[in-house]
Each structure stands twice: as structure tokens, then as C-alpha cells.
Amino acid sequence: MRVRLVVGNWKMNPRTSDEAVALARAVAAMRRDGVTVGVAPPSVFLRDVAGTLVGTSVVVYAQDVHWEPKGAYTGQLSAAMLDGIAAGSIVGHSEVRRDQGDDDARVARKATAALRAGLRLVYCLGESLAQRQAGETGIVIRRQVRDGIGAIAAELRDPARTVVAYEPIWAIGTGVPATGEQARDAIAVLRRELDALGLDGADTTILYGGSVSAATVGEFARSGGIDGALVGGASLDAEEFAAIVAAFR
Ligand code: PGA
């Protein structure tokens, strides 16, 4: 079943727990009817933010999770550590792929660990500028779906727990979002590839991410086939984030 979902990915912001908690309170106070809203705070603030959001319907996500249950993995978080704190995790974000060297196989392992621990997923994928300019967008998306999501197909017993975010790398943090048409076309390719894997593309919740703002969200919210947004920079401003959520209501 598809849902309308808007997730704020706070990345390596805000700077203090007080700031994070204040932002979480503002998100909890927003009109959210018809839209599921999530926040992904830095891991050091997860517990404080989760505590603030107890009793609300705002979903807390980790920004990443490791595939191993425990051990010598400096700087990483296991899915088990998120128990009782986060309801889900983002995996496959292009910044993690870039900085940690994750490839589709590793993202699939992370996704598997998260799903086995009962977490929800926002599974990110998308092409680089060079790939788009070379006319390879469709090829890249199909490969990422096949090698990543295809590898976890057996774990997707409850498809409602896994949401896919199409995030063209060239649009992330640049202030230059994809057009509604570019996003719609890429997401159509994504749904077809899910179908080809025997997963129900038409029934999968798919978000767009990359420079979504109050000014640009309308193009995505109105464009058929886009169920919500993964929002970085604009999620740090409560008013702006509220306007983005409102666009999907
Ligand atoms: P942005 O980030 O909205 O700042 O472009 C989106 C994301 O990385 O999820």
C-alpha cells in the first residue's frame, strides 16, 4: 500500500541536542493529516529526539545502519542499537555511498540487517550528473534497483516497510532540483524495474529527494507517481518543512 511520506534528513545538523529537540517539537506540532512525517536526526541526538516524540505519530529514522549485529566497526551503529529509539533507517544515501564507499551490495546488506531487526527503510538511489549527461539515467536506476533492492527481495515480506527515495546526486544540496518531469520519468523506470523483479512497483511508496523546498515542492507533489519527499536542507527550518508537508496533504 502506498502512503504519503515526507522525511526530514537532518544530516550533520543541528549542532546541539536542544536544537534537535526544538526542531522535533516543531515537527510534532505541524498539521500532518494524511501525510506520515519522519525525521532523521544525527545519531548522537536520536535518543533525545525519540524521547521528545513519544506519543506523537512522527517517525524517527537513523541516517544509516551497519550490516553487522556487533563488533569491531568503528563509528558505526547496529540495527539492534536502534531498538526502542528509531523505527527505521535511511540506507544507500549518496553521501554515505560517497564517504563510506557503500555500493549496491553493501546497501543491500544494510537493508537486510535493518529489515530483519524490524526497522522500516528509506532506500535511496539515483544517478550522478555525469551519468545523466551520458544518457545513462535509466541504466543506472535499473542497475541500482536490481543489484540493491533485488538482493533483498526475499526480505520484503512487508513491502509497506520499505520506501524508495529517488535522489539524483546532482540535485542534492545544490539548490537545483530535478524537474517534476525528470523525477516522474525516473520513478516510472524504477517502478517498472521493481515489477520486473516480481515486486509490485505500482504499490511501492516512492519519494523524490534533492533540493526540495517550499518553492519547488509543488512540482513534485502535483506530479503523478511521487508519493512524498526526502528533504535535507529545507527540513532544518520548521516553517519551510511544514510547507513541504502541506504540499503532500
Ligand atoms: P537536500 O538533501 O534537500 O538538501 O538537497 C536531500 C537529501 O540528501 O536527502
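Two strands pair if DSSP finds at least two bridges between them. I keep that in mind for the strand entries below.

**Entry: the model.** I am working with a predicted model.

**Entry: strand β8.** I looked up which residue of β8 partners L207. The bridge partner of L207 there is G228. β7 and β8, residues 228-231, run parallel and are joined by three bridges. I then traced the link between them. β7, helix α8 (residues 217-222) and β8 form a right-handed β-α-β unit.

**Entry: strand β6.** I turned to the other partner of β7. β6, residues 162-166, pairs with β7 in the parallel sense, again over three bridges. I found V164 opposite I206 of β7. Here too I noted a right-handed β-α-β unit, made by β6, helix α7 (residues 180-196) and β7.

**Entry: side chains of β7.** Which residues of β7 point one way, and which the other? I206 and Y208 point one way, while L207 and G209 point the other way. I checked burial as well: all of them are buried.

**Entry: the ligand.** I counted 13 residues around the ligand. The closest are K11, H93, E167, G173 and S211. By type, the shell has four nonpolar, seven polar and two charged residues.

I then looked up distances to oxygen atoms of the ligand. A polar side-chain atom of H93 lies 2.6 Å from a ligand oxygen. For E167, a side-chain N or O atom is 2.6 Å from a ligand oxygen. G233 uses its backbone: a polar atom there is 2.8 Å from an oxygen of the ligand. Last, I looked up the cover. Taken alone, the ligand exposes 290 Å², and the protein buries 95% of that.

Terms used: Residues are numbered from 1 along each chain as its sequence is written. This is a predicted model: local features need pLDDT of at least 70, side-chain atom pairs count only at pLDDT 80 or more; totals for chains, interfaces and linings use all residues. Side-chain values use heavy atoms; hydrogens and water are left out. A residue is near a molecule or strand if one of its heavy atoms lies within 4 Å of it. A polar contact is a pair of N or O atoms within 3.5 Å; within protein, one must be able to donate a hydrogen and the other to accept it, and residues adjacent in sequence count only if both atoms are side-chain atoms. Accessible areas come from the Shrake-Rupley method with a 1.4 Å probe; for residues, only the protein chains shown count as cover. Ala, Val, Leu, Ile, Met, Phe, Trp, Tyr, Cys and Pro count as nonpolar, Asp, Glu, Lys and Arg as charged, and the others, Gly among them, as polar. Buried means under 20% relative accessible area, exposed over 50%, partly exposed in between (1.4 Å probe, protein chains only). Helices (H or I, at least four residues) and strands (E, at least two) are DSSP runs, numbered from the N terminus. A crossover is right-handed if, with the strands pointing away from the viewer, the path from the first strand over the helix to the second runs clockwise.
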